[in-house]
Amino acid sequence: AAESLIVTEEGEWYHYDATGAKYAYNGPMAVNLGIAGTLAETMPRELCTETNTTMAVSGTLNMQAIYLRAGQLVSNISLCSATTAAGTPTNYRFGLFDSARALLAESANQTTSAWAANNVKTLAMGTPYRVPTSGLYYIGYYMTATTIPTLKGFTGKTGGQLAATAPILHGSSSTGLTTANPNPAAAITGGTTTFWAAVT
């Protein structure tokens, strides 16, 4: 095998082989036991307690932090209802937001499409979004309906104060939504409930 040389360029270390070519390096793989095709989850599926999580009232944007890596292409967002199905929905969307709550991608308005209990709902983004920088992003979801479905998430937090420390991990945002996601979304009010979401 060719010998490797270690040299510095402007204070950073690089590895070169004997031909002078820079080694390609891929960091360690993150464990991913998500549904087939999953790129990232708000919480690992194998650890999610599938707690019946009550979402904010009709027309309110629910937000959950997710860590995304540079280069990932977000084409779809999936959430999973729990024991309560949507009752007479009139509008709902899933969306991807950055850490400043700017809208990056969103699904089409699902209007009156049914969402049964204990059912994974996957919605395509109108335009897939290529993640430019690794870091914290938010999955956003709102629905206008007579009954908002519960979602599967972790067991509710005792107080939520730790999760509400910046950067806020989850909570409610814009209210009074009907047919579109806000851009940008309002400040997040931290809460005690979380929800599982995945991107593919």
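Mentor: Helices (H or I, at least four residues) and strands (E, at least two) are DSSP runs, numbered from the N terminus. This is a predicted model, in which local features need pLDDT of at least 70 and side-chain atom pairs count only at pLDDT 80 or more, while totals for chains, interfaces and linings use all residues. Residues are numbered from 1 along each chain as its sequence is written, and side-chain values use heavy atoms, with hydrogens and water left out.

Trainee: How many helices and how many strands does the secondary structure of the protein come to?

Mentor: Read along the sequence, the pattern is β-β-β-β-β-β-β-β-β-β-β-β-β-β. The secondary structure therefore comes, with helices and strands taken as DSSP runs, to zero helices and 14 strands.

Trainee: Which strands are the edge strands of the open sheet of six strands?

Mentor: Two strands are taken as paired if DSSP finds at least two bridges between them. The open sheet has the order β8-β7-β10-β5-β12-β13, with antiparallel pairing. Each edge strand pairs on one side only, and these strands are β8 (103-106) and β13 (189-190).

Trainee: Which residue in β10 is the bridge partner of Pro89?

Mentor: Strand β7 (residues 87-97) and strand β10 (residues 135-147) run antiparallel and are joined by nine bridges. In β10, the bridge partner of Pro89 is Ala145.

Trainee: Is Leu151 buried or exposed, and what is its relative accessible area?

Mentor: Leu151 lies in strand β11 (residues 151-153). Counting contact as heavy atoms within 4.5 Å, and not counting residues up to four places away in sequence, Leu151 touches residues including Met55, Leu79, Trp115, Tyr141 and Phe195. Buried means under 20% relative accessible area, exposed over 50%, and partly exposed in between (1.4 Å probe, protein chains only). Leu151 is therefore buried, because its relative accessible area is 0%.

Trainee: Which side chain of opposite charge is nearest to Lys121, and how far away is it?

Mentor: Lys121 has its place in strand β9 (residues 120-130), and its side chain reaches the backbone oxygen of Ala114 at 3.0 Å. Lys and Arg count as positive and Asp and Glu as negative, with His and the chain ends not counted, and a salt bridge needs a side-chain nitrogen of Lys or Arg within 4 Å of a carboxyl oxygen of Asp or Glu. Lys121 is buried yet has no salt bridge, and the nearest side chain of opposite charge is Glu106, at 16 Å.

Definitions and conventions: A polar contact is a pair of N or O atoms within 3.5 Å; within protein, one must be able to donate a hydrogen and the other to accept it, and residues adjacent in sequence count only if both atoms are side-chain atoms.
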